[in-house]
Structure formats: structure tokens, C-alpha cells
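The tour goes from one selection to the next.

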Amino acid sequence: MEAVAAWRDRQGAAEAAWELPEGWCWAPLEAVAPVNPLTTFQDIPDKEELAFVPMAAVSEETGRIILNQRRPAKDVAKGYVRFMNGDVIFAKITPCMENGKVAPVSGLPSQFGAGSTEFHVLRPKSVDQRYLWYWLVSRRFRLQAQRHMSGSAGQLRVPVDYIRRSSMPVPPLPEQRRIVTRIDELFAEIAEGEAALTDARKGLESFHRALLKAAVTGELTENWRAANAVAETGHDLLARIKAERAAMFGKGRGRRSADARPIDKTSLPELPVGWTWATIGDLTEFVTSGSRGWKEFYADTGAIFVRAQNINSGKLDLTDAAFVQLPAKAEGLRTLVKRDDVLVTITGANVTVSARVIQDLPEAYVNQHVALLRPLVAETSEFILLWLQAEGAGKSQLISAAYGAGKPGLNLDNIREVMVALPPPAEAAEIISRVHDALSAHSDTIAVLDAEAADAAHLKQSILKAGFEGRLVPQHPDDEPATAMLARGAFTQPAAARKSRGGPRKGE
């Protein structure tokens, strides 16, 4: 009992967040796992290749480390965090800490390794390695650590002193191992379910691609065509659109498309009965994009300014809209957005992503990274969007043009020249109706999968909570109490750690 008292006197009273079972105790992390222990590579040959772990090599919440990088010992002997098999590394910087970049270290080919200075290292002394890892990766601990971060915005870090003094629940060592075994078993079962969810999502993605392809090739409405005669074919619709263009020609619009070359159909696939080939240029009043030099017109209020980030998954998302205030007669007025316009991202990471304006907007304009397509006949707007989203159809044409050479990007002629298989208006309406129904069911299924994924994440945290409160496995009265274990180990170090010597590292 004198040893227990000595340990308590040395460590002080640890904060008790909840009542623990008999034989457990609260202890500061430093008492069970020294934080940032001294580790040197002085006995390792300079040229020996050691595992190197950058932050990107540690996955979020899974504890997995990719150990495919190597560096000579002399290159990482200073200026990096150093650790060894059996340690736990904990990302201290935002947002890596909040995202759960914490991992138990194992499998180092040379026993030792080095990594990013944005890791804290904990060396288990009186605690099971995986029990410690489960505690550090739990969202309960990370939320507490987040409240104690310090530093400037974007560079917040968990201070080493907080890690050292923060309390953790410590059960007897045999019970720690029983808890870890049970958590591993339960998490493995959850992982099987998560893998099934991932497969289901992949299946939905494949379904979505197949649906769009079937829609724009006529496969989706093959039976409908056999049972329904149409009053207006795709060729008739195209003639009506050309008449609309001729009626507008006197207004000075559509001149470029009116002079377009005839379509060469020799290399194009055969279309269903009643369909015809056209180009985006044939079907639109104009294709344009925003002007440069809008920066001076940015404002807190005013007209909506549609940017590439507002075009997402076929929808126009204005939750993070920018605003501009244009002077009278500004050149940008030609890019005023209207209902049934189709928008296409023409530069940047999301090049070729498209959306349709489905509502009457207040005053809105597009910037230079977005192309605006205005269909001559509004009823073709939704089918044009489907065509531009479908792989093997408009999407493939846009990708081919965007990535043909140099920096990814589209010019307006690339868009005007996209070939479109145009169905009869009545069939197009049937296609759109069926796609809507299918995508509605698709969205419902995704919502269910999202809910199940959230349930799985919540269940994991509930399991960890039960484990750390002593409710996951039974207590054994014969287990040595944690206080006695800590008292015995408080002034000793594992043999492997005793072999490591050196001065303090930069960043401690």
C-alpha cells in the first residue's frame, strides 16, 4: 500500500469524469504512457533505411498507417518526430486531430521510425497499446482535446502539456486486454456492414450511370415507342427550332449557329425511330460565358454571381452564392441567367460538370468559368442536361474536348459542337418522367445508406463509451487493481524504451 500512496502523492489527483468500477482508477496520460519520450537513432547506421510516416500516411479513425516510405537514418535523426514499435502517434494539428489521425505503431521493419513533427508520440508503460489508441481516437477524447487547442487560426495544435495531464480511465491490465478484444470483435462486425454500404453505394453509382445512358440512347423507352405514336418527331422538333431561330435572326441572335455546317452522320450510331442528330449549337439561342474583370463589382448584396462551385451534381446550389453590383450598360448583362438555362463548368477541377436552372432567379450572372446555354425551345432544356451528364454521350464528348491537350478546359465552340441525339418531344417527356422517378428512388436509397453509415459511426462511439465506463466486459475480482499496477510501474520504463536516449526534439 505504501507504493500506491507514493504513486498518488507523485501524480496528484486525476480528474474523474464519471464513476469507475471497482479496481479501476483515473490517471493522467503521462502516468501510463510518457508523452514525446526521448528517442534517438545514435546506434543505427546512418545509411539504414527507416520507415517515414508523413501525416497523409495515417488514415482517419482506423489506426492504419501506410509504411511505404523510407529515409536514411541520418536524414531523420534530427528535425522529425521519432518513435518505435509499440508507440501510439497522435496528430496534434487541426484538422488532422479532429479527423482522428491517431494510430498504434506496429510493423516498423527496423523497430524505429520517424515522421511529421505534427505528431505527439505516446509510449505505453502501464497501459495496453490498443486500449490507449482506442481512448485517444474516441470522439469523446478528441472533443475535449479540441477545446484545449492553441495557436493561430488554421495552425491550432493540442499542447503537449494538455496531453500529459489529461485523465483517462485505467482498468486492470487483464481487463484492458479483454476490452480491446471485445472492441476489435464488435468493430470487425461493423466493418463488414460498412463494406456492404460501400458496395451498395458503388452499385448506386453504376445504376445512375446506366440509367442516364439508357435514357439518352432510347433504351429506357423502347417499349413506350412500340406502344405510342408521336405527333412530332425529333426531326420535326429540329425544324421547329430552326424556325424559331429564323424568327429571331432579325434580332441579331443565333447567327453563328445558323451558319453551322451540315452534320456528317456517317460515323454516328443509328438512332431509334423518330430521333435525329443535332448539335448544341442547333438547339440553343446562344452559348456564352462570363467576362473577366468582375472583381471590382463584388459586393455584399446585389445580383447573384454564379461560379463553378455553385454547379454540383446536376443542380445549381446557391447556398454559398457571391454577389455583384454591375454598373448600367455593363458588358456582363449578356450573361444574365434565366430559368431553363443550362450551365457547364468550362475550367478548373470540375470542368464538364453541368446543371440546369430550374427556378425563376432574381438577377443573376455567370462568371468566366461557366458557360451559359440558352435553349431556343425551353422544353429541350432538361433533355440537354441529361445528354451532357451521360457517359458515352455528351459527357464523353466534353471530357474528350477538355482533356485533349494541355490544361483541362473547354471553349465555347467545344460546347456548340457537341452532338445530341434528339428524341420526339413526347418521348423526351416520358424519358424525363422515368428518370425523375428512378432518381427519386435513388435519392431515397442514398438517404438510407447515409443514415446507416451515421448509425455505424454512432455505434462505434457507443461501444467505446461502454468500454471506458466498464460496461463492455465483466470485471474479474482476481485482477490486480489499476492503482497497484500503476504504483509498481510509475518509476520504471519498458526495456525497449530504456535503450533509447537523446535530447529533447524540436517542437516539444
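Select D87 first. D87 counts as buried because its relative accessibility is 1%; buried means under 20% relative accessible area, exposed over 50%, and partly exposed in between (1.4 Å probe, protein chains only). This is a predicted model, in which local features need pLDDT of at least 70 and side-chain atom pairs count only at pLDDT 80 or more, while totals for chains, interfaces and linings use all residues. Residues are numbered from 1 along each chain as its sequence is written, and side-chain values use heavy atoms, with hydrogens and water left out.

A salt bridge is a side-chain nitrogen of Lys or Arg within 4 Å of a carboxyl oxygen of Asp or Glu. R123 is in the loop between β8 (119–122) and α4, D87 in the loop between β4 (81–84) and β5 (88–91), and the two are 36 residues apart. Helices (H or I, at least four residues) and strands (E, at least two) are DSSP runs, numbered from the N terminus. R123 is also buried, at 5% relative accessibility.

Next, select E61 and R142. They form a salt bridge whose closest N and O atoms are 2.7 Å apart. E61 sits in the loop between β2 (49–53) and β3 (70–72), and R142 in helix α5 (residues 139–147), 81 residues apart. Which of these is buried, and which is partly exposed? R142 is buried, at 4%, whereas E61 is partly exposed, at 31%.

Go on to R178 and D479. Their side chains meet in a salt bridge (2.8 Å, N to O). R178 lies in helix α7 (residues 173–217) and D479 in the loop between α15 and α16, so the pair ties together parts that are 301 residues apart in sequence. R178 is partly exposed, with a relative accessible area of 21%. Leaving aside neighbours within four places in sequence, D479 is in contact (heavy atoms within 4.5 Å) with P172, P174, E175 and R178.

For a network, select R140, K465, E469 and R471, which are linked by salt bridges. The structure holds 26 salt bridges.

Finish with L29 and L136. Of the 46 residues in the largest nonpolar core, these two touch the most other members. A nonpolar core is a set of buried Ala, Val, Leu, Ile, Met, Phe, Trp, Tyr and Cys residues joined through side-chain atoms within 4.5 Å. Helix α4 (residues 129–137) gives the largest share of this core, seven residues.
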